[in-house]
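Let's take a walk through this one together.

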Amino acid sequence: MKMENQVGGGDLRHLFACSFLFYFSVCMVLPAIIDVTIDALCPGQEQCSLAIYLGGVHQAATGLGALFVTPLVGNLSDKYGRKALLSLPMATAIIPLVILSCGRSKPYFYAYYVAKMLTGMFCEGSMQCLTLAYVADAVCERKRASTFSVLSGISLAGFVSGTLAARFLPTSYTFQVAALVAAFSTLYMKIFLAETNRGASLADEESTQPLCFDEHKPPKLSALGNVSALSDMIALLRSSKNLTRAAAVAFFANLSDSGYQVALLYYLKAKFHYSKDQFADLMLMIGSLGAASQLLLMPLLAPAIGEERLLIIGLLASCAHIFLYGIAWAYWVPYLSAAFTILSVFLHPSLRSIVSKKVGPAEQGMAQGCVTGVASFASILAPFIFTPLTALFLSDNVPFSLKGFSIISAGFITLVAFFLSIALSKKTSTT
């Protein structure tokens, strides 16, 4: 069999390497970006309402773009192959990093801001969607939850490594190194990553293979003559009540995640005067615990208790994680909250594994893109809800003294996702 038609352990190792390098590059700049933003927009200040609002606009715009782009990219990857479409998020991610590697003054920041907003439409959901679909092509149904967990763990390992590098690199070099690693990851993907059987199949032949197919008999794609992302996404959601319930869980979980992330870094800077180093330490702890859990713990638990129970555990831990941030009374409490990451990271791999089992092999890209699109819609709404709340409760004119009010509100939204996951678990177990 030709190399480009094989999907085996070696190919997954190359996918894991691409994911590691990609997240290493894009996450390396996270600890520094708050200080860079505030220094450019509000020099000499500890808090900056303009920075909070611009962050909300950025998140809403990228979420809106991802809502339309990600299902389309997933659909196209079902027809033209995962590797061909992976070039889009990996290459575009280089552009904003190059801009801030050249300078961090106000003009450079605004150029970065616009470029990051535009490229985020292609990067925010597409990378996750395509890598998950690639794994679904290569791995049988019974092993997907564990493999999705390994993929997420390796992505988190990239996050940890990038954050650790940022902890010791001066800001002036952080963006230059990140841009170089992003370019290298794209080149590595083009040279070493093999295409899956999905990309080599003919678009006008229907799939008749089971989900755990024989690797010597690659399945065929169904016809995709009209790539209409939104109509296909709606049709796919209507085709399965369980898929609709999974999308609802994804919506509320992502609304909560996006909401508290809008507020968290600005909240920690305003309340506890966190700087780049403290942000990096907290991110290192979150990423290290999450990566260890997904690489070591979840692959053992998934076959034993199932994805549905792992989803419930992940959402319950996420509630505790967020609520503890919101009521933090000392600078060390966010580090205690980060410990719940060990369990909260079960959420997304288990949900994606449930989704992958609800569709056939020729619809993996569209299904993952569909759920990512729904999650992106939540990312659009989150800034409109949480940005004004965050700015209000971090200002001097607050209705009552509770700086973490917006984060606590996000915790209650996670509770909604938790109750929906219980309903999903009951329905899935009876089908």
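**Starting from a buried serine**

Ser-256 has a relative accessible area of 0%, so it counts as buried. Keep in mind as you look around that this is a predicted model. Setting aside neighbours within four places in sequence, Ser-256 is in contact with Ile-322, Ala-410, Gly-411, Ile-413 and Thr-414. Ile-408 is another residue to look for: it lies 152 residues away from Ser-256 along the chain, yet the two C-alpha atoms are separated by 9.7 Å.

In soluble globular proteins, nonpolar side chains tend to be buried together. The largest nonpolar core here has 122 residues, and the members that touch the most others are Tyr-267, Leu-268, Leu-311, Leu-315 and Ile-407. Helix 12, residues 241-272, supplies the largest share of this core, with 18 residues.

Next, the helix pairs. Helix 13 (residues 276-305) and helix 14 (residues 307-326) have axes that come within 11 Å and cross at roughly 160°. An angle over 145 degrees counts as roughly antiparallel, and helix 13 and helix 14 are therefore roughly antiparallel to each other. Their crossing is right-handed. On the helix 13 side, the contact is made by Leu-282, Ile-286, Met-298, Leu-301, Ala-302 and Ile-305, while helix 14 brings Glu-307, Arg-309, Leu-310, Ile-313 and Tyr-325.

For another pair, go to helix 4 (residues 82-92) and helix 6 (residues 106-123), whose axes come within 8 Å and cross at roughly 155°. Helix 4 and helix 6 are therefore roughly antiparallel to each other as well, but here helix 4 passes helix 6 in a left-handed crossing. Leu-88, Pro-89 and Thr-92 of helix 4 meet Thr-119, Phe-122 and Cys-123 of helix 6.

What about the cysteines, and how many disulfides does a search of the whole structure find? The search finds 0. Two cysteines to look at are Cys-18, which counts as buried because its relative accessibility is 2%, and Cys-319, which counts as buried because its relative accessibility is 4%.

Terms used:
Residues are numbered from 1 along each chain as its sequence is written. This is a predicted model: local features need pLDDT of at least 70, side-chain atom pairs count only at pLDDT 80 or more; totals for chains, interfaces and linings use all residues. Side-chain values use heavy atoms; hydrogens and water are left out. A nonpolar core is a set of buried Ala, Val, Leu, Ile, Met, Phe, Trp, Tyr and Cys residues joined through side-chain atoms within 4.5 Å. Buried means under 20% relative accessible area, exposed over 50%, partly exposed in between (1.4 Å probe, protein chains only). Helices (H or I, at least four residues) and strands (E, at least two) are DSSP runs, numbered from the N terminus. A disulfide is a pair of cysteine sulfur atoms within 2.5 Å. Axes are lines fitted to C-alpha atoms, for helices over the stretch in contact, and angles run from 0 to 180 degrees between N-to-C directions. Angles under 35 degrees count as roughly parallel, over 145 as roughly antiparallel, 65 to 115 as roughly perpendicular and the rest as oblique. A crossing is left-handed if the near helix is turned anticlockwise from the far one by less than a right angle, and right-handed if clockwise. Contact means heavy atoms within 4.5 Å.
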